[in-house]
Amino acid sequence: MKSRIVVLPGDGIGPEVAAAGVAVLRQVAERFGHDFAFDEHAIGGDAIDRFGDPLPPATREALLACDAILLGAVGGPKWSDPSAKVRPEQGLLAMRKLLGVFANIRPLKLHPRTAALSPLKPERTKDVDLVFVRELTGGIYFGAKTRDEDGATDECRYSVAEVERVVRHAFDLARSRKRKLTSVDKANVLETSRLWRSVATRVAADYPDVELEHQLVDSMAMHLLTRPADYDVIVTENMFGDILTDEASVLAGSLGLSPSASVGGPGAGVYEPIHGSAPDIAGQSLANPLGTILSVAMLLRHSLGLADEAAAVEAAVEQVLAHGNLTRDLGGTATTDAVTQAVIHALQTETEAA
């Protein structure tokens, strides 16, 4: 297969983990006989510093012409002034809108070796294997905004079509797993959530083989900490999903283990770890690359249709988690580069054995 992949290193540890992802993709291409071409472009704070724009025209053009996008991380205290007119995160929002990627997929599965690092007791994290589907291009992040000296407003708006498409995406995913879907809203007080619940209930009639339950976002936040293993696929709106997925990610023991995929639109999918830019450890080869490498596996599966290659990458990560020296966040002493090379070695060994 011949594919063009845009790499957006971004800020902080972004360039380091993005480089790890590219190294693994190069190994996949070599071992499986593919031709992957990589184009690197600016986004976020790096793009602001270089071009005065968090998503410059050259980046936009490349995004519309590629097969998949690998993103490092965006943002940092250097650009965090709340009064700034241009901010790194605007690049993310603009990219999502440009590509129309409305569904953010965030899987969470605990590995036995890292489960001990979770802040929850082992009996609460046993058998946790869930997936969040977060609506990504609507809601309060994209609504009209006003601000004057007396106050500010952020409009939260959803259309029936926006809700239905992401809910159907979640139902389809649930049908391929344990056939259980939890829809999260705040229907007791928010009109947008009442719309969300009514649409989810109507769509459920088309999926009689999938069990649907509704949860209020505040109770869902509690249940994620008290009985996370009870859930399979969880779908929710943009802001609720942003908050709940970060909460859930700590169950795995480290933010550095969590991958994500932003898909569903006519444009290429975006693949990135969910951790931030971590500027305090940037440039020191301390960042955990496994979240990015698992995002690479999602890129191979969802955008390039290479399921066997994706499974091989995931198996290599599993081997490193089970037997390798890990990065500091997971209790080890290995560098970013060392963990990346361990995954590549495991991938080489596995494919040679096959």
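Reader: Is the crossing of H11 and H12 left-handed or right-handed?
Author: In this predicted model, H11 and H12 pack with their axes 7 Å apart, at an angle of about 160 degrees. Angles over 145 degrees count as roughly antiparallel, and H11 and H12 are therefore roughly antiparallel to each other. As for its hand, the crossing of H11 and H12 is left-handed.

Reader: Which residues of H12 does H11 meet, and how many residues of the contact of H11 with H12 are charged?
Author: From H11, the residues Leu290, Ile293, Leu294, Ala297, Leu300 and Arg301 take part, and they meet Ala307, Glu309, Ala310, Ala311, Val313, Glu314, Val317 and Leu321 in H12. Divided by class, the contact of H11 with H12 has 11 nonpolar residues and no polar ones, while the number of charged residues is three.

Reader: How are H7 and H8 set to each other, oblique or roughly parallel?
Author: The axes of H7 and H8 lie 9 Å apart, and the two helices pack at an angle of about 50 degrees. Roughly parallel would call for an angle under 35 degrees, and roughly perpendicular for one of 65 to 115. The crossing of H7 and H8 is right-handed, and by their angle H7 and H8 are therefore oblique to each other.

Reader: How many nonpolar residues does the contact of H7 with H8 have?
Author: On the side of H7, the contact is made by Val160, Val163, Glu164, Val166, Val167, Arg168 and Phe171, which meet Leu195, Trp196, Val199, Ala200, Arg202, Val203 and Ala204 in H8. The contact of H7 with H8 has three charged residues and no polar ones, and the nonpolar residues number 11.

Reader: Which helix supplies the largest share of the lining of the largest pocket?
Author: The largest pocket, with a volume of about 1000 Å³, is lined by 36 residues, and Arg87, Glu89, Gln90, Leu93 and Tyr141 lie nearest its centre. Several elements each supply at least two residues of this lining, among them strand S3 (68–73), helix H4 (88–99), strand S6 (145–148) and helix H10 (238–249). The largest share, five residues, comes from H4.

Reader: How many charged residues are in the lining of the largest pocket?
Author: The lining of the largest pocket comprises 36 residues in total. They divide into 13 nonpolar and 11 polar residues, with the charged ones numbering 12.

Reader: What is the volume of the second largest pocket, and which residues are the closest to its centre?
Author: About 760 Å³ of space lies in the second largest pocket. Of the 27 residues that line this pocket, the closest to its centre are Pro107, Leu108, Lys109, Asp129 and Glu314.

Reader: How many nonpolar residues does the lining of the second largest pocket have?
Author: Among the elements that each supply at least two residues of the lining of the second largest pocket are strand S5 (129–135), helix H7 (160–175), helix H11 (290–302) and helix H12 (307–323). By class, this lining has five polar and six charged residues, while its nonpolar residues number 16.

Reader: Which elements each supply at least two residues of the lining of the largest cavity?
Author: The count comes to one cavity of 30 Å³ or more, and about 70 Å³ of space lies in the largest cavity. Its lining includes Arg106, Pro107, Leu108, Leu130, Phe132, Thr245 and Ala248, and by class the lining divides into seven nonpolar, three polar and one charged. The elements that each supply at least two residues of the lining are S4, S5 and H10.

Key. Residues are numbered from 1 along each chain as its sequence is written. This is a predicted model: local features need pLDDT of at least 70, side-chain atom pairs count only at pLDDT 80 or more; totals for chains, interfaces and linings use all residues. Side-chain values use heavy atoms; hydrogens and water are left out. On a 1 Å grid over the protein atoms alone, a cavity is a set of points where a 1.4 Å probe fits but cannot get out, and a pocket is an open set with protein on both sides within 12 Å along at least five of seven lines; lining residues have an atom within 4 Å of a point. Grid points are joined across faces, edges and corners, and a volume is the space filled by probe spheres set on the points. Helices (H or I, at least four residues) and strands (E, at least two) are DSSP runs, numbered from the N terminus. Ala, Val, Leu, Ile, Met, Phe, Trp, Tyr, Cys and Pro count as nonpolar, Asp, Glu, Lys and Arg as charged, and the others, Gly among them, as polar. Axes are lines fitted to C-alpha atoms, for helices over the stretch in contact, and angles run from 0 to 180 degrees between N-to-C directions. A crossing is left-handed if the near helix is turned anticlockwise from the far one by less than a right angle, and right-handed if clockwise. Contact means heavy atoms within 4.5 Å.
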